[in-house]
Amino acid sequence: MEKRTDWYEHPEYYEAIFGTDTVREADFLQALSARHGTGGSQWLEPACGAGRLVAEAASRGMKVAGYDISEAMLAHARKRLTPAERRRVKLAPSRMEEFFVPELEGRVDVAHNLVSTFRYLDSEAAALAHLKGTRRLLKPNGIYVLGFHLTDYSRSVPEHERWLGRVGKDKVVCNTHEGLPDRRARRSPMRNRLRITGPGKDWLIETTWFFRTYDAVQAGKLFRNAGLRVLAAYDFDYDVNSPVARGSRRLDRVFVLQPEPGAVEQGTPEKTSAPKVMATKKQASTEKVTSVRKASAQKAKPEAAPKKKPARGNS
Ligand SMILES: C[S@@+](CC[C@H](N)C(=O)[O-])C[C@H]1O[C@@H](n2cnc3c(N)ncnc32)[C@H](O)[C@@H]1O
């Protein structure tokens, strides 16, 4: 078996597990925009990865801006675009904590970040900088659709989920573990193993990282501090007609955020003293559990019935 450490070097395998809900996600985003936002065509995807949603949105006629910390992921994103889509898409290397483009200020109809990538931001300062920066780019009635799992700090056992996918003749088995959350440090240890077997191939790609943790109160406080209000909350079932019920114990959340009236300030982007979250290499090891859970819960075909993704949140 050959060991590898960067699953972002192989987005085709990553997407075989986590990228199977692309059409449903794009449908959901359009429905949310029509219901809560402007319904307009300027979209922004922070941490767009290999561009599956960028391409899907562009194929629907949207103008799309996307950025990612990883040049390798952006290269994959560029490759998958048709010439017509390329004319509607702008991709750039950047970090969630820092991204700012003057031409987009106050112009974005829909920003989205669906698969827990937000939890890579490893400090309150970094998360705040990202949310404030994204808020500045939104139209006053634009929306930021942010999906991630809330944390149950009382959890006493680690979590494990397993999914199965295929890429051509290659079989992909994905196992993700989330250790116990550390309430004081505000983080959970994550580990993902992708085993890929096929003709002449037996790879194990193992990635470890930490995800920042949020309970509902912590998330709400952060959004308020960033000048964003929660218009609605959904779960990873992506049903625009089924917002999360009051008192629900499910932890998978999709928040629909909008600039708080009067919260938009002009001027230079806010700086953060937050440490660099991850460099390209390191990030390979920090890839996403979040998306794993969400996408996998919904799409990857479980080999042996794993917890249904949403169920992991005590639904
Ligand atoms: C789970 S993938 C999600 C990709 C894409 N949004 C999707 O849904 O397919 C997470 C992405 O976040 C990027 N990333 C991680 N930390 C980042 C940061 N601080 N700033 C920008 N991108 C980051 C990684 O390079 C990776 O492409």
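**Notebook: a helix, a sheet and some rings**

I started with helix α1 and found it mostly covered, with 7 of its 8 residues buried. I take buried as under 20% relative accessible area, exposed as over 50% and partly exposed as in between, with a 1.4 Å probe and protein chains only. The model is predicted, so I note that local features need pLDDT of at least 70 and side-chain atom pairs count only at pLDDT 80 or more, while totals for chains, interfaces and linings use all residues. Residues are numbered from 1 along each chain as its sequence is written, and side-chain values use heavy atoms, with hydrogens and water left out.

**Entry 1**

Helices (H or I, at least four residues) and strands (E, at least two) are DSSP runs, numbered from the N terminus. The buried residues I listed in α1 are Pro 11, Tyr 13, Tyr 14, Glu 15, Ala 16, Ile 17 and Phe 18.

What does α1 lie across? I found helix α1 (residues 11-18) across β7, β8 (170-178), β9 and β10, running at about 115° to β7. For such angles, axes are lines fitted to C-alpha atoms, for helices over the stretch in contact, and the values run from 0 to 180 degrees between N-to-C directions. Contact here means heavy atoms within 4.5 Å.

Next I looked up the sheet: it is open, has 5 strands in the order β1-β10-β9-β8-β7, and its pairing is mixed. β1 (2-4) and β7 (159-167) stand at the edges with a single partner strand each, so one side of each has no neighbour in the sheet. From one strand to the next, the twist averages 20°. Two strands pair if DSSP finds at least two bridges between them.

I then picked out β9 (residues 187-198) and β10 (residues 201-212), which run antiparallel and are joined by 12 bridges. Arg 195 stands opposite Leu 204 in β10.

**Entry 2: rings**

My rule for aromatic pairs takes rings of Phe, Tyr and Trp (its six-membered ring) with centres within 6.5 Å; planes under 30 degrees apart are stacked, over 60 edge-to-face, and the rest tilted. The count comes to 15 aromatic pairs by this rule.

Why is the pair of Phe 223 and Phe 255 edge-to-face? The ring centres of Phe 223 and Phe 255 are 5.0 Å apart and the planes stand at 65°, so the pair falls in that class. This pair links distant parts of the chain, with Phe 223 in helix α7 (residues 216-225) and Phe 255 in strand β12, 32 residues apart. I checked burial too: Phe 223 counts as buried at 1% relative accessibility, and Phe 255 counts as buried at 7%.

Phe 236 and Tyr 238 make a tilted pair, 6.2 Å centre to centre with 45° between the planes. Both Phe 236 and Tyr 238 are buried.

I also found one aromatic cluster formed by Phe 118, Phe 148, Tyr 214, Phe 223 and Phe 255.

**Entry 3: charges over rings**

A charge sits over a ring if NZ of Lys or CZ of Arg is within 6 Å of the ring centre and within 35 degrees of the ring normal. Arg 187 lies over the face of Phe 210, at 3.6 Å from the ring centre. Arg 186 lies over the face of Tyr 214, at 5.1 Å from the ring centre.

Arg 186 is buried, with a relative accessible area of 13%.

**Entry 4: around α7**

In α7 the buried residues are Gln 218, Ala 219, Gly 220, Leu 222 and Phe 223. Their cover includes α6 (124-137), β6 (138-149), β11 and β12.

What caps the N-terminal end of α7? I found Asp 215 there, with a side-chain oxygen 3.1 Å from the backbone nitrogen of Val 217. After α7 comes Gly 227, whose phi is positive, near 75°.

**Entry 5: two loops**

Ala 47 sits in the loop between β2 (42-46) and α3 (52-59). Ala 47 has a positive phi of about 50° although it is not a glycine, and Ala 47 is buried, with a relative accessible area of 18%.

Asn 241 counts as exposed at 56% relative accessibility. The C-alpha atoms of Asn 241 and Leu 32 are separated by 9.8 Å, with the two residues 209 apart along the chain.

Notes
Polar contact = N/O pair within 3.5 Å; in protein donor to acceptor, adjacent residues only side chain to side chain.
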